[in-house]
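Please look over the sequence and the model first, and then follow the sections below.

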Amino acid sequence: MNIILVESVNHLGRSGEVVNVKPGYARNYLIPKGLALTANKANMAVLEAKKAEIQSREAEKKAAAEALQKLL
């Protein structure tokens, strides 16, 4: 069963990754605890939107850090 990790899980993957796990592990542990979402089209679209948002935030932080570096 393919799932999208919402949070990092030891020995499984990092937040935002799509991983394949056994269905029981996903249904009984990861999804109820809010650690993962099923990898369907709707959730994949949400994941892509979040990735784009995170990348834009990272670019803004990098630009601010470079501007600060020039001032110093």
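## The tyrosine pair in helix 1

Tyr-25 and Tyr-29 both belong to helix 1, where they are 4 residues apart, or about one turn of the helix. The model is a predicted one, and a search through the whole of this structure finds 1 aromatic pair. That pair is formed by Tyr-25 and Tyr-29, whose rings are stacked, with 5.7 Å from centre to centre and 10 degrees between the planes.

Are these two side chains buried, exposed or partly exposed? Tyr-25 is partly exposed, with a relative accessible area of 36%, and Tyr-29 is likewise counted as partly exposed, at 37% relative accessibility.

## Strands and their partners

Strand 1 pairs with strand 2, which covers residues 18–20, in the antiparallel sense over 3 bridges. Within this pairing, Ile-4 stands opposite Val-18 of strand 2.

Strand 1 also pairs with strand 3, made of residues 36–38, again in the antiparallel sense and over 3 bridges. Here the bridge partner of Leu-5 is Ala-36, which lies in strand 3.

## The nonpolar core

Which residues make up the largest nonpolar core? This core has 9 residues, namely Ile-3, Leu-5, Val-9, Val-19, Val-21, Ala-26, Leu-30, Leu-35 and Ala-36. At least two residues of this core are supplied by strand 1 (2–5), and at least two by helix 1 (23–30). As a general matter, nonpolar side chains in soluble globular proteins tend to be buried together.

Leu-35, one of the core residues, shows how parts of the chain that are separated in sequence come into contact. When its neighbours within four places in sequence are left aside, Leu-35 is in contact with Ile-4, Leu-5, Val-6, Glu-7, Val-9, Tyr-29 and Leu-30.

## A salt bridge in helix 2

A search of the whole structure finds 1 salt bridge, in which the side chains of Glu-53 and Arg-57 meet at 2.7 Å, N to O. Both residues are in helix 2, which spans residues 41–71, and because they are 4 residues apart there, about one helical turn separates them.

In general, side chains of opposite charge can pair when their charged atoms come close. Glu-53 is partly exposed, with a relative accessible area of 44%, and Arg-57 also counts as partly exposed, at 40% relative accessibility.

Methods: Residues numbered from 1 in each chain as written. Predicted model: local features only at pLDDT ≥ 70, side-chain atom pairs only at ≥ 80, totals over all residues. Heavy atoms only, no water. Core = buried A, V, L, I, M, F, W, Y, C linked by side-chain atoms within 4.5 Å. Buried < 20%, exposed > 50% of the residue type's maximum accessible area, 1.4 Å probe, protein only. Contact = heavy atoms within 4.5 Å. Salt bridge = Lys/Arg side-chain N within 4 Å of Asp/Glu carboxyl O. Pairing = 2+ DSSP bridges. Phe/Tyr/Trp six-rings, centres within 6.5 Å; stacked < 30°, edge-to-face > 60°.
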